[in-house]
Amino acid sequence: MMTALQVTILVLVAAGATAVVLIRDPVRQVVSLSIYGLLLAVLFMAFQAPDVTLSELTVGAVALPLLLLLTLAKVRKQEE
Amino acid sequence: MTPSQRRWVFLVAGGGFLAFYLWGLVGLPGFGHYPGPYGDIINAIAVSQTHATAVVSAVNFEYRAFDTLGEEFILFTAATGVATVLRHLREERDTSAMDEAMNRDVPATSDAIRMVTLAFIGPTIVVGWYLTSHAQTSPSGGFQGGIVLATAFVLVYLAGQFIVFKRLSPVALTDAIEAIGAGSFAAVGIAALALGAAYLSNILPLGSTPGAVNSAGTIPLISFFVGIEVSAAFILIIGELLEQTLIVREGNR
């Protein structure tokens, strides 16, 4: 059976994913993507998968947003 | 195609997808009722067979170590690709960098950011090293630990010193460490072959106590090599991208 915590975090993840798609400004989108990665990490923790939690924390919440931010900085520099 | 026709195509396709999706959902096993045999078998034998109390690591670095090797080389190839592509571009822009820098203000890093990032560098290295070296005892491993270790270098950059970041991670050294990490993982497997065992089978003594840091044979060794490969690859990718975005800033100093 799913616990109340698991249901709550599933709903939060769904809301977070929708927010990432709906936010149109790339920089804000990257920040929201990072928060979404954090939510996903909590989700994996709630479903008793600590290994996946660590991977999601490092890659989804830190590494991917960092790479995207750097790419955005590069693109903006070229547009100036 | 008119908008209304397009909407009808979408509604038909979406309705069909929804029907098949719901049909598939009905056939799924109930939540928490895993039907396959492998998970239960692994849970029953992994600790006595590998002396690793983190069964996920035992699966990653032993039972399916060959798959992990493949995944490792995906990252290796990605880092090599980034380095190759961006190196070419960098040479193209090198001449204009100084001129652009003349009239550009470089915002100074605030003291608060500097303090916080500097304070976090040490703990980050400790956490990264802990994750890399404790794959056999607790949920962790080289992949996660490697990224955390690389994050420490990014903190050095965030503290405002790109030059220091480059000095700490020269491309030649990072390249070499990445290659040594990836190559050593493959070499652990070849060593097993040389001893007459299957590729990547656990050839080292397992240690007497399951759950001790020095137990589980090749699992911590492979985790260590994965850790340095992942951290070097990530530092390399970040370094190349930073150089792309900050080459103007660097020319100003």
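Helices here are DSSP runs of H or I with at least four residues, strands are runs of E with at least two, and both are numbered from the N terminus. The model is predicted, so local features need pLDDT of at least 70 and side-chain atom pairs pLDDT 80 or more, while totals for chains, interfaces and linings use all residues. Residues are numbered from 1 along each chain as its sequence is written, with chains lettered from A and ligands numbered from 1 in the order in which they are written.

**Exercise 1.** Work out the pattern that chain A follows along the sequence.

Solution. Start by counting: chain A has three helices and zero strands. Reading along the sequence then gives α-α-α.

**Exercise 2.** Compare the radius of gyration of chain A with that of a compact globule of 80 residues.

Solution. The radius is taken over C-alpha atoms, and the globule rule is 2.2 Å times the number of residues to the power 0.38. A compact globule would come out near 12 Å, but chain A has 15 Å. Next, look at the box: along the principal axes, the C-alpha atoms of chain A fill roughly 55 × 25 × 10 Å.

**Exercise 3.** Describe helix α5 of chain B, residues 111-133.

Solution. First take the span: its 23 residues reach 34 Å from first C-alpha to last, close to the 33 Å expected (1.5 Å times one less than the number of residues). Now find the bend, the angle between axes fitted to the seven residues ending at a residue and the seven starting there. A kink of about 30 degrees lies at Ile121(B), shortly before the proline Pro123(B).
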